[in-house]
Structures are given as C-alpha cells and as structure tokens.
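Welcome! Please take a look at it before reading on.

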Amino acid sequence: MSGRAFAVLALEAARDALRRRFALALAILLALSLLWARACTGIGAEISLNDQRIDPALLAGFLAPLLFSVQALAVLLVAGVLASDHLARPLAEGSAALWLARPVAREVWAGARLAGALAVALAAGAVLLGGTTAMLVSRHGVDWGPALAASLATAFGALVVAALAAAASLAVGRTAVLLALGVGVPLQFFANAAGLMAELAGAEAPMPGLLGAIDRFGPPLGTAVFAATAGWNPHVDASGVLLPFLGRLALWAGAALALLLLGMRRSELVR
Amino acid sequence: MFAFELAAATKRYAGGRPALAGVDLAVPRGAALGLLGPNGAGKTTALRLLLGFARPTRGAARLQGRDPYDPASRRGVGYLPERLALPAAMTLRRFLRVHAALVGLSGAAAERAVEDAAETTGVRDRLGERLASLSKGLAQRVGFACALLGDPQVLVLDEPTSGLDPLGVRDARDWIQAARARGATLLVSSHVLSEVERTCDQVVILHEGRVAAAGALDALVEPGGTLEDAFVRAVRG
C-alpha cells in the first residue's frame with residue numbers, strides 16, 4: 001500500500017508543482033537560460049592572444065564546464081525553491097490533514113511531496129542541461145559523456161538541496177529558506193570553485209578559513225559538476241575524479257532525507 | 001477494542017495553557033459520541049490526538065487499538081476537518097480519485113466509489129470543476145464526499161454542518177444516520193447541540209481542557225430538560 005500511496009501522492013505533488021505560478025516563471029527562466037547559452041556558445045573558435053591562435057579545443061574545454069556549471073547551479077536553485085514550500089504550504093493551509101487522515105505514513109507523504117517537486121526541477125534541468133550540451137556538442141564538438149556524468153552529479157545535488165530546503169521549511173518561514181538557498185547554494189559553489197583553483201595552482205595545504213571549511217565539509221555541489229565537466233578539457237586527466245564526490249553527495253543526500261523525514265515525524269499538524 | 005481512546009491525555013502547546021488536561025475517553029465500536037464544549041474547550045485538540053496529527057504531552061491516544069501515528073490505525077477512517085482546506089487547483093473528480101486510491105480502491109471499484117460519494121452528497125454534477133470554484137456550502141459537501149468515500153467504519157466529523165444551508169444540514173444528518181445504520185462508529189465535535197442530540201447516543205462535554213460531563217445522552221439530559229440545559233450546567237457548574 002505504501003508504494004502505491006507514494007506513487008499516487010508523488011504524481012499529484014508533481015502536478016501541483018506544475019500548476020503553481022512558479023511554473024510560468026520557471027518556463028521563462030528556462031527560455032532565457034537557453035538563449036544565454038546560445039549566445040555563449042556562439043563565440044567564434046578563431047581567438048588569438050598576442051598573435052597566438054588559441055586552440056579551439058582549449059577554448060571549448062574552458063567554456064563548456066563554465067557554462068554547464070552555471071546552468072547546473074540554476075537547476076539546484078530551482079529544486080530548492082520548488083521544495084521550499086511544497087511540503088510546508090499544505091501543512092500551513094491545512095490541506096495536508098486530509099491526506100494524512102488516510103492510512104498514509106507521514107514519511108511517505110513527505111517523500112512524495114519532495115519527489116514531486118524534484119521531478120519538476122529535474123525535468124526542467126534535463127531541458128536546460130540537455131539543450132546547453134546539444135549546443136556545445138554541435139558548435140564546439142565536445143563529447144556527450146562528461147555532460148551525462150555532470151547531469152548525474154547535478155541530480156544528486158538537486159536532491160540534497162531540495163531535501164534540505166524542505167526540512168528547513170518545517171522549522172522556519174519560506175523567506176528564511178529562500179534567503180538560505182540564495183546565499184548558501186552559490187556560496188557552496190564558489191567555495192568549491194575556489195578550492196579547485198587553489199588545488200590546480202599547486203597549493204599544498206587545504207584552503208584555509210570559512211571558505212575552505214565550506215569546500216571540504218559542505219556538500220560538493222560544485223566540485224562534482226566541475227570534476228565531471230573537466231573531461232571536456234584536453235589538458236586535464238579527469239578519470240576517476242568524479243566518483244568520490246558522487247559518494248560524498250550520496251552521503252549528504254542520505255543525511256538530508258533523514259533530516260527531512262525526522263522533521264516530518266516530529267512536526268504536528270496544528271491546522 | 002475501542003474505536004477511540006484517550007487515557008489521561010494532556011496536550012500543552014508551546015507557551016500556552018494545556019489545551020487538554022488529563023482527559024479520559026473511550027468510544028466503543030458502533031457507538032456515536034458527540035464531543036461538545038465552548039470555544040477553546042479542547043475538542044479539536046482531542047480529535048488531533050486521536051488522528052495522530054499531534055502527540056499528547058502526557059497520557060496516550062489510541063485509534064482502533066493502535067498508536068494513531070501508525071498508518072494502519074487510520075484504515076477505514078473518514079475525516080471531515082473543521083477548517084476544510086481543499087487543494088484549490090484540483091478538480092473534484094481528481095481529488096476524490098486520489099483519495100479512493102489512498103483508501104486502497106482501484107480501477108472500477110475506485111470509480112464507482114467516487115461516483116457514489118459524489119452522488120450521495122449532491123456534487124456529482126460538479127465532478128469536473130476545480131475545487132477553488134466551489135462555494136463554502138459545496139466545499140463542505142465535498143468534504144463529506146471525501147469523508148464518506150469507501151464507506152468508512154469510523155467517521156470523525158469536526159463541526160460537520162459548518163457552512164451548510166438548512167437543506168445541507170438536513171442532508172448531512174441523513175448521511176451521518178446512514179453511516180450509523182451500517183454500523184460505523186461516529187465521533188462528532190460540534191457547537192450545534194441539536195445536531196448532536198439527533199445523531200449521537202453518547203456525549204462528552206469538555207470545558208477548559210477537562211471533561212465536565214460525560215455519559216449517555218438520556219442520562220445527561222434531565223426529565224423535561226434539554227441538552228442545552230445539561231451543557232450549561234456542566235460548563236457553568
């Protein structure tokens with residue numbers, strides 16, 4: 001019964017996410033992001049610096065990860081924004097009581113709401129990342145392989161961000177959750193990028209300070225994507241780099257889901 | 001086995017007085033209990049504890065012999081909340097179909113249950129409409145359709161006639177009595193004493209989170225008196 005209940009509720013949660021005003025904003029954001037990607041990938045391959053012609057493969061190896069990472073960041077933010085009230089809103093409005101009066105475990109309902117929000121975010125991500133990669137492949141001749149690996153990393157990251165946002169929404173208001181998302185996710189990405197650059201620059205010690213701590217102990221949202229897309233750079237050997245970061249993301253996803261389900265189990269329906 | 005049980009149940013919300021203070025309540029299967037009390041007496045809190053929406057601060061709650069947090073305890077339970085919040089963007093048919101699936105019905109049986117519940121509660125011609133477009137009275141009928149879906153053996157109704165016109169009130173009484181006739185256990189929380197008088201045989205009167213009076217309706221109401229007299233006596237002392 002719980003598997004069927006989960007499927008029924010998750011489908012309804014996805015439909016609910018699509019019926020919201022945010023869905024229109026999401027469609028506009030998708031179109032704008034794809035237009036931006038089109039403009040970025042339109043950069044000519046004939047670039048010279050100090051009369052030296054830059055290798056087009058090198059240009060693609062720099063442009064493609066950068067562009068893909070920015071789009072992946074947008075997917076993570078969309079997942080977080082959708083999840084930020086997909087659970088809390090029906091609880092606050094009182095409509096959750098009707099579902100939870102049925103023989104449905106709270107954890108099943110919460111998981112289904114998260115799955116519904118995540119399904120919409122990932123569908124949008126598939127369009128955005130797929131469209132961006134198609135442009136990179138056709139205009140710059142890069143391979144699909146790193147994009148698929150980076151998409152997997154983005155999907156894991158989206159699960160982490162959405163579950164954390166949903167868990168936080170059980171304790172604090174939506175504005176606080178959106179603020180935390182708007183600051184936290186880009187900061188994590190920035191810390192990961194800074195850590196990676198420090199490593200590439202040959203730093204022997206780990207990056208110090210708060211940024212270093214965020215890079216080392218936070219969910220490797222950016223690092224996993226950077227590691228996957230590094231495969232596009234002909235001068236970087238990225239083989240085997242991704243797996244540990246995916247493992248760390250999976251651990252974070254497990255922890256975030258556990259936090260959400262625990263929060264849901266402890267929460268009380270007061271309306 | 002009791003359909004509902006509260007054993008010395010106390011519920012205190014953060015920073016407030018106890019909404020319930022040591023309430024004992026046991027409703028046998030097949031009984032019809034009316035939960036009465038002035039505003040803030042703790043009626044809705046008692047229902048929340050019994051349905052597993054909240055945990056007692058002290059004491060225990062049981063639904064069909066189980067911890068109400070156990071989903072199995074809510075099998076065969078129909079619930080109509082006081083503040084009915086319907087998912088506005090869904091159509092009525094979709095809403096009832098999803099509930100039919102959660103009750104465990106599928107295929108033709110689910111479709112039949114949806115049609116039957118809508119027909120019984122007079123909203124069959126609204127099945128294709130979005131829930132947001134319904135008036136308060138129609139929404140309350142939809143709430144009843146949802147609660148009665150699949151012929152539940154246990155019905156929990158919180159202010160069931162809220163928002164209904166006189167015809168709707170009469171219809172609601174008929175639905176409740178039909179549920180009783182097929183052996184369903186009934187727990188009705190209401191301000192409307194006459195409705196409780198017509199549909200229930202047991203009464204518990206709550207006041208300031210405590211049981212002020214409880215017993216069979218006949219025993220509570222003195223000869224020549226009314227339930228209102230019994231209510232005032234219990235609350236004002």
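The largest pocket in this predicted model has a volume of about 970 Å³.

**The largest pocket**
- Its lining is made up of 36 residues, and those nearest the centre are A:Ala193, A:Leu196, A:Met197, A:Leu200 and A:Phe226.
- In chain A, helix 3, helix 8 (174–200), helix 9 (209–217), helix 10 (221–229) and helix 11 (242–266) each give two or more residues to this lining.
- Helix 8 of chain A provides the largest share, nine residues.
- Sorted by class, the lining residues of the largest pocket are 22 nonpolar, eight polar and six charged.

**The second largest pocket**
- This pocket holds about 550 Å³ of space.
- Of the 27 residues that line the second largest pocket, B:Gly40, B:Ala41, B:Gly42, B:Thr44 and B:Thr45 lie nearest its centre.
- Strand 2 (18–28) and helix 1 (43–51) of chain B each supply at least two lining residues, and helix 1 gives the most, with four.
- The lining of the second largest pocket has 10 nonpolar, seven polar and 10 charged residues.

**The largest nonpolar core**
- This core has 163 residues, and the members that touch the most others are A:Trp109, B:Phe4, B:Leu6, B:Phe95, B:Leu96 and B:Phe144.
- Helix 3 (residues 56–86) of chain A contributes the most to the core, with 15 residues.
- Leaving aside residues up to four places away in sequence, B:Phe144 touches several residues, including B:Leu80, B:Thr121, B:Leu157 and B:Trp175.

Methods:
Residues numbered from 1 in each chain as written. Chains lettered and ligands numbered in written order. Predicted model: local features only at pLDDT ≥ 70, side-chain atom pairs only at ≥ 80, totals over all residues. Heavy atoms only, no water. Core = buried A, V, L, I, M, F, W, Y, C linked by side-chain atoms within 4.5 Å. Buried < 20%, exposed > 50% of the residue type's maximum accessible area, 1.4 Å probe, protein only. Contact = heavy atoms within 4.5 Å. 1 Å grid on protein atoms, 1.4 Å probe; cavity = no way out; pocket = protein on both sides within 12 Å on 5 of 7 lines; lining within 4 Å. Points joined across faces, edges and corners; volume = space filled by probe spheres on them. Nonpolar A, V, L, I, M, F, W, Y, C, P; charged D, E, K, R; others polar.
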